[in-house]
Amino acid sequence: MALRTSLAGRVRNTSLPKSHALLPLLEAVVNGLQAIDTRFGDAVEKGRLHVRILRSPQDPLDFGSSGPGRTALKPIVGFSVEDNGTGFDPDNMKSFETLDSEFKAGIGCRGVGRLLWLKAFDRISVDSTYQDAAGSLHGRQFRFSVAEEIEHLGEHVDADEPGTTVSLEGFKVAFQQSAPKTIESIAREVFEHCIWYFLRPGGAPEVTVADDDGSVSLNALLEDFVFSEMAPTTVDVKGEKFTMVNLRFRSSTRSTAPRLYWCAANRVVFEENITGKVPGLVGRLKDEHGAEFTYVCYLSSGFLDERVRADRTAFDIDESVSGRLAADDVSFDDIREGVLGEVEKILDVPLRAVREEGKERVNEFVSRHAPRYRPVLARLEALGITVDPWIKDLDLELLLHRALQKLEADAIAEGQEVFAETGSVMSEDYQERLARYLDKLSDINQSDLAAYVSRRRVVLDLLLKLIRSDDDGKYSREDAVHSLLIPMRTDSNEIGPDASNLWIIDESLAFHDYLASDKTLKSMSITGDDSIKRPDILATRLADTPVLAAAGEKLPLPSLVVVEIKRPMRNDASEGKNPIEQCLGYVKRVRAGGVRTATGRPIPKSEESPAFCYIVADLTETMVERCEMSNLRPTHDGLGYFGFNEPAKAYIEVMSFDRLVNMAMERNRAFFDKLGLPSA
């Protein structure tokens, strides 16, 4: 009993990813090229194949996505592929009517191309003319759909030579939306899929892609794309032969990424980006004359032909040889390793040039922007990292960061192995391995320190921008400066020591018992004051040795730090808004409420506990008046005032933003100079 086949079931079970939305069209094009080969043989230049893009007659809705000066493209509803090949003669028609036909198996056909047509299109119309053995022309017209399968429409002759027009109609929305839209992108995809026909001896027939607005010649596209051909090479992988067609594409005409095209039956099955998979292999290489090109390789073999899947989007090949496979089985990793090894040989000169340029690019970037990587740069190079000389700063930073993370992970693993031998019988090379590990750890620690210092430089640069006026003469708000120094509405129970930049004001602020930023006195755990006033920054430090305190006090003794920040160039330090009085008022309130530890434990009352008040404000006319009325003395550089308020037992320092930045720069100058960072 013969088995029955359901066309609807076969179409439903046929795979066609949306990312391959044009594959049905490409199958129709390849069928046409094969028909031309059959008819003309070596005189293939007599062949013609014309692809027409069929667009909706209605204008699309344009919600502004087309951009100014651009017209939105009409949706694609189908394609027609016209060739002057052999036509649907009786043998070809019989093969078409047979699912999984092996009629053209010798040239890699699987008899499933028409199933892909029905996967993406509602119906197919075919108008074909063929020639019999006596030279007479015959016509054949039919429609093909899931619902009606094959509908014969007649056999009249409409042409004066053999040929076929296949119309793919009713482009399904899901695939239509995923497919390329422009004539240029469609022509490029057809060209890349069928490039073997253009590169083979004898070349290709005339092939064009057109719509209502223009036409693209794929033969001319070959000249625009290919910079120069290279000698084909053959790679042996575990006894299997693979042919590499090596091309230099013009970098300006395609995506600047080197690619490996895996082919079967003279078609591209899928492509792989091989950037960086060979040291120095990047998007733009240079030939011996300095001209830029992008390397691409088209890989083919009988091994791939035999293992391509029916939908032509993948191969039935294991990615790597696992335990369940024999050692002589060929995997993707085996093939890739062989191909990339050959690529490194044939591109030896341009690859070495790129590696040198990439090294210079990294050194320049590290010197100017990322000194933290300098201590480990030699180790990163030893990992085989190569860099595209044209890489963007952000991408280079990310690449170096990932490499440093790998280096740190390797160091952790190496340390675990080294110290696991402690207390046991040590191997002969233990001391050497320990020294190597400690040397690597030292470089990583230096990198961490460099990162910390360079971050300080970046923070100071940001502060400089905040205190300068913009193009309209306006200055940043107070909260912008405050947030750079420390996040607002937080305290030391919510943020870690690395979350603030209070070192700009005073390095010792890192050593606090409690610190609050823009919190009400009532909400602070270090005082019982119930005021809702908000000091910009208030901190307590606990000392085991009296400082500016009466001898004999029970320890620990607290010291208070209050910081007030004003908007750059603010000139309203009137009596009611005097920031000096504000700071002293906060000190008085905290002391009166009783000072506690950060955990809320009371500290013996001491009115002698020192207080430090910092006012960060530009020395405007009103601010200078307040400083002089408080008997403060100007600093040596004239950019601030300082003094001691005896009644409040408080040291007061008023510093302009310029002094704030200058003093922070001076304290860090030695570190900046060591890293080659500008400090002025």
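This is a predicted model: local features need pLDDT of at least 70, side-chain atom pairs count only at pLDDT 80 or more; totals for chains, interfaces and linings use all residues.
## An exposed loop residue

Asp328 is exposed, with a relative accessible area of 55% (exposed is over 50%, buried under 20%, partly exposed in between, using a 1.4 Å probe and protein chains only). You'll find Asp328 in the loop between α9 (302–307) and α10 (332–346); helices here are DSSP runs of H or I with at least four residues, strands are E runs of at least two, and both are numbered from the N terminus. Val237 sits 91 residues away along the chain, and its C-alpha atom is 9.5 Å from that of Asp328.

Residues are numbered from 1 along each chain as its sequence is written, and side-chain values use heavy atoms, leaving out hydrogens and water.

The protein's mean pLDDT (the predictor's confidence in each residue, from 0 to 100) is 81, and 81% of its residues reach 70 or more. Residues 105–110 stay under 50, with 18 contacts beyond four places in sequence (contact means heavy atoms within 4.5 Å). Residues 545–555 are also below 50, with twelve contacts beyond near neighbours in sequence.

## Strand β23 and its partners

Strand β23 (residues 650–655) has five of its six residues buried, so the rest of the structure largely encloses it. Strand β20 (residues 611–616) runs parallel to β23, joined by six bridges; pairing takes at least two DSSP bridges. Strand β22 (residues 640–645) pairs with β23 in the antiparallel sense, over six bridges.

Ile652 of β23 is the bridge partner of Cys613 and of Gly643. In the hairpin of β22 and β23, four residues lie between the strands, and Lys649 takes a positive phi near 50°.
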